[in-house]
Amino acid sequence: MARSFSSDSELYSRKKMRTEFDSVSDSSAQEQEPPIFQKTSPVEPTWWITENLYELSQPKAVYDAVVKAHYPAVFLNSAMVTGNSLDLQIAVKKAISKLARNSMITKSLPMEVLYAISPRTGISDALKVLGFNAKLSAVFVVWLHSSQEPGDSQRTAFEKLMQQNGNRLPLSRIKDLRNLSAISDFYEFSTVPERPPLSPEWTTVLTSYVTSKIATKE
């Protein structure tokens, strides 16, 4: 009985087909992963933060409501958010610590968090550059809550407001909305010669630098 042998080219073709199939399968699996619209993280044993990102169709209406309601949340200009949750956790932890010691620089916990995120010592700078205003097309919201689930009446009221004036976006969209050049300027980040600005490597270094600035601010 004649014995059948596969040529090297045939073996290569079969291996290539399997590799391409596996690659397509992996890609399909990644594409099918559901988007994350909300992220809740512990900061202290009795404090949590919940992150949300919203696109605004009526920014002035939302801004006016936020100013009036005094929500227990930090409203950030999405263009100035790196997307690293550690930045927010560090800032909130610092603000909570000052609240416990009765040594806050500002008059509210959300404002103290905003101040902690800013690399500057002026509160007006933090508000102007990092804060929410009536001209923004998107806002990044960090809810502050002392129970693991942020299900209070104010949160519910805000969600109703957003149903009429915008919609929630996946948190991954922050990479499309952030302005890395503006973040670099505000945090006074020096360009690394061997890493071209806005390259993936440069972005990684910038993100780590911002985290260190927030962590070391007095």
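Reader: Quick one. Does Phe75 count as buried or exposed?
Author: Phe75 counts as buried, because its relative accessibility is 9%. Buried means under 20% relative accessible area, exposed means over 50%, and partly exposed lies in between (1.4 Å probe, protein chains only).

Reader: What kind of model is this?
Author: A predicted one: local features need pLDDT of at least 70, side-chain atom pairs count only at pLDDT 80 or more, and totals for chains, interfaces and linings use all residues. Residues are numbered from 1 along each chain as its sequence is written, and side-chain values use heavy atoms, with hydrogens and water left out.

Reader: How many aromatic pairs are there?
Author: The whole structure has 12. Rings of Phe, Tyr and Trp (its six-membered ring) pair if their centres lie within 6.5 Å; planes under 30 degrees apart are stacked, over 60 edge-to-face, the rest tilted.

Reader: Why is the pair of Tyr71 and Phe75 called tilted?
Author: Because their planes meet at 45°, with the ring centres 6.1 Å apart. Tyr71 counts as buried too, at 10% relative accessibility.

Reader: And how do Phe75 and Phe158 pair?
Author: Edge-to-face, with 5.5 Å between centres and 65° between planes. This pair links distant parts of the chain, 83 residues apart: Phe75 sits in strand E3 (residues 73-77) and Phe158 in helix H6 (residues 153-165). Helices (H or I, at least four residues) and strands (E, at least two) are DSSP runs, numbered from the N terminus.

Reader: Which residues do the ring pairs link into a cluster?
Author: Tyr54, Tyr63, Tyr71, Phe75, Phe132, Trp143 and Phe158.

Reader: New topic. How much space lies in the largest pocket?
Author: About 470 Å³. A pocket is an open set of points on a 1 Å grid over the protein atoms alone, where a 1.4 Å probe fits, with protein on both sides within 12 Å along at least five of seven lines. Lining residues have an atom within 4 Å of a point. Points are joined across faces, edges and corners, and the volume is the space filled by probe spheres set on them.

Reader: What lines the largest pocket?
Author: 15 residues, with Val66, Ala73, Phe75, Met111 and Leu127 nearest its centre. They divide into 12 nonpolar, 3 polar and no charged. Ala, Val, Leu, Ile, Met, Phe, Trp, Tyr, Cys and Pro count as nonpolar, Asp, Glu, Lys and Arg as charged, and the others, Gly among them, as polar.

Reader: How does the lining of the second largest pocket divide?
Author: Into 3 nonpolar, 5 polar and 4 charged residues. That pocket holds about 170 Å³ of space.
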